[in-house]
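Subject: Structure handover

Hello,

My notes follow below it.

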Amino acid sequence: PRASSRWRERDAQGYDDASTGAAPMTGASRTLHLLAPLSGIVVPLAQVPDPVFAAGTVGAGVGIDPTSSELLAPVAGVVTQLHRAHHALAIRADEGIEVLIHVGIDTVTLRGEGLVPRVALGERVVAGQPLLGFDADFVATRAASLVTPVIVTSADCVVRSVAEGGVVRAGHDRLLVVELGPLAGSAAAPAEPPALTTPSGPTARVEVELPNPDGLHARPAATLAAAAKRYHADIRLRRGEAQANAKSLTSIMLLGTHAHDRLEIVAAGADAQAAVRDLAELIAAGCGESAAAGGPPADAAPLPATAVTPGAGTLTGQPASPGIAVGRVVQLRHLVHDVPEQGTGPVQERARFELALAEARRAIAALRAPLAESPQARILDAHIELLADPELLDPVLAALESGASAARLWRQSYGGYAARLERVDNPLLRERARDVRDVGERVLGVLAGTGAVELPPGTDLVLIAEDLAPSETAALDRQRVLAVCTVGGSATGHAAILARMLGIPAICALDPAARALPDGCPVLVDGGSGVLRPNPAPEEVTHARARGAEQLRLREADAALAAQAAVTLDGERIEVAANIRDGEEARAAVAAGADAVGLLRSEFLFSGRDRPPAEHEQSEAYRGIAATLGRGRRLVIRTLDVGGDKPLAYLPLPPEANPFLGVRGIRVTLERPELLRTQLRAILAAAPLGDLHVMFPMVAMLEELRRARALLAEEAAAAGVAVKVGVMIEVPSAALIAEALAPDVDFFSIGTNDLTQYTLAMDRGHPRLAAQADGLHPAVLRLIALTVEAAHRHGRWVGVCGGLAAEPLAIPALIGLGVDELSVAVPAVASVKASVRRLSRARCRALATQLLGLATAGEVRAALAACVASP
Ligand code: PEP
Ligand code: MG
């Protein structure tokens, strides 16, 4: 058979002869051989007819389609698990790893019939020793399959199958080779706590009755696991023959406990006594469930999805994109993420995974922070707990060596666990599978970066989501989605910017209670004031529709004049340009009356694909846009601006603690000059067709501008064409050295979204800082003033392409500060032009001088409101 020829290969490399029955370690290489526990055909794990085993969720290994019926120990060790249905057992090998053998598939339902254990829990066994006999005919005719998975469940080791597809003989042939990691079996930091049958340090145990009417479901289990983690001791929870790692929420939940179960808490280690005493007290008190002694538990309220009575009241958030919509709620919970199969290397993938966990933890903590002790708060606590759960994390960390991506392994891990939970015979625990998927998807969202939004049918959808990635917002179907509301995010985040670009009403940083609204609930959304009204009364809907119609009438009146120049009352022309992403928006910009394109966010040409666009593809896109605009409209193409909240799947940026302060914008392309050169060549190829300008993003230092310019100069010389050059002013240092930058550029464009974020040290996507991260803060206005003064001294023009340019209240301030161009989302072009026409530049200048002397954004807004009321 194929298997034995492989043996010889291995033996030739100096492995020990397995026929001794032992499974020795080979000194330095720390390799452990596992014997075949059954005779039969070796089946790859992926072909085991059970999705949980097949996905590798339980661990790595193989299946055996048996021809024998006496299960033998594959390795010397201790029996650490023997299920009460006798169909599965685990052995902790002397070298520290744990091996699980599961006789057949779905054999738990046999409740022990046809299976006869030959060993007891805790018994020491030698390799080859009989563990269990079974009636093969009986089991085969009653269970889903007789294929028997043999799985190494420990983390920190690499498992190779040596006999896949071949035939093995029980107790004679090798089945698996396990390369032990540095931690396997070490007392210092085992991948899992050592079995309590071989404890180190003092041990303690106590029995306690479980008062919780629904057993240890997610919330009490989370409380218990969090409490257990405070002790160094290894702590197990035993219910009959089943036992759980008390530090693992998932492990506790898998015990499938019920009210009045007697649980044994067993601990080993220096603080075992204290651990057992305190945890027994906690369990007796219901692990935080106040009604644990009887009646429905106080926190048995369902998840937020059904916890709050709809129609309870108006929910408020930050206005992110104006407009009124009346529609039906769609809660976005299941984003389908594009998950790469292969990773970029174990070290990078591990770092990425840890960063995603930290990011998810931060996001949940931000949602949790404003909530007092409440059922919702405890659910979020349980979610945070899941993010540290070894049962979910360890399989991912252990399998990274295989080269798989962290995203794929994570999806397998939480998906498999949720699937197992869904099969537990306790309805409340089955419900908790939803929490696991919720948390899992959150992490996956960070890991995968992008995802497609799956929508139910209908054309009156109001999406409510935790947050939306820019790519998800970009992918929204405008014909069907009337409004977008997110609990996270802020008005200057890229998702909100896109909603404005798409003309979809949007609210961000919305009251988290919005997540409790059921799908289909009728809602009224006013994106301009950041208000969501569930179950609006018919008269409210009528009123809102009337307001919407009035807004539409105004928009149409503005649109009628959109093609004309925006000239102030005292005769100064202000250019109103559009921010666009692609050719379609270029056509929309022209139709909307834009004088120019002040910002082409070229990164959108690079996203939603698996490699960067080739030079000819890019130049085709730029040429198309230039031709649409014609020579009379300037086209400012910003070079690739990724990093921060704009990841690119195929451009693996090293995980960073603070991506907004890391390698983003110009820093990315200067590190990859070929990427920049290719883009510059593509832009230069379009230059003859229009009035092309190149703009570099996120410039913080003169050196960066000079390096980028040098590359452009070389490419321009080679191409024999010239383009105008500018930089974005979106980092305070750039504004402060505008005087030094000005001689090297033709123009500046102020990115107020980032400039505000970096000036106030407030993440532009942070939901709780959204109200304070105000571009009208006097500090931001002073940086704009410095920029404009420096530019004008050198005869350069200045645009503003951040969100502030479209804010009606901010327009007088910007015009007063001397800005020459306002570049805004396409749907805002006409109304911004209309605003300009109502203003006098001279009055705005006087006002701006006053604003620069103010101390708070509130004072600035009050002064501007008075001015807009009487321009
Ligand atoms: C800005 O930062 O204001 C800007 C226009 O750039 P982006 O929003 O694309 O980062
Ligand atoms: Mg920016």
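Eight strands make an open sheet with mixed pairing, in the order 19-28-27-21-24-25-26-20. Strand 19 (315–316) and strand 20 (318–321) stand at the edges; each has a single partner strand, so one side of each has no neighbour in the sheet. Strands here are DSSP E runs of at least two residues, helices are H or I runs of at least four, and both are numbered from the N terminus. Two strands pair if DSSP finds at least two bridges between them.

This is a predicted model, where local features need pLDDT of at least 70 and side-chain atom pairs pLDDT 80 or more, while totals for chains, interfaces and linings use all residues. Residues are numbered from 1 along each chain as its sequence is written, chains are lettered from A and ligands numbered from 1 in the order written, and side-chain values use heavy atoms, without hydrogens or water.

Strand 21 (residues 324–332) pairs with strand 24 (residues 461–465) in the parallel sense, over 5 bridges. Val-330 has Leu-463 of strand 24 as its bridge partner. Helix 15 (residues 538–560) lies across strand 21, strand 27 (522–526) and strand 28 (531–534). The helix runs at about 115° to strand 21. (Axes are lines fitted to C-alpha atoms, for helices over the stretch in contact, meaning heavy atoms within 4.5 Å; angles run from 0 to 180 degrees between N-to-C directions.)

Next, strand 30 (residues 573–580). The rest of the structure largely encloses this strand, because 6 of its 8 residues are buried. Buried means under 20% relative accessible area (1.4 Å probe, protein chains only). Its pairings:

- Strand 29 (residues 566–567): antiparallel, 2 bridges. Ala-566 stands opposite Ile-574. The hairpin has 5 residues between the strands, and Gly-571 takes a positive phi near 85° there.
- Strand 37 (residues 821–825): parallel, 5 bridges. Ala-577 is partnered by Ser-823.
- Strand 31 (residues 597–601): parallel, 3 bridges. Ile-580 stands opposite Leu-600.

Glu-730 is buried at 2% relative accessibility. Asp-754 is buried too, at 3%.

Best regards

Technical notes. Buried means under 20% relative accessible area, exposed over 50%, partly exposed in between (1.4 Å probe, protein chains only).
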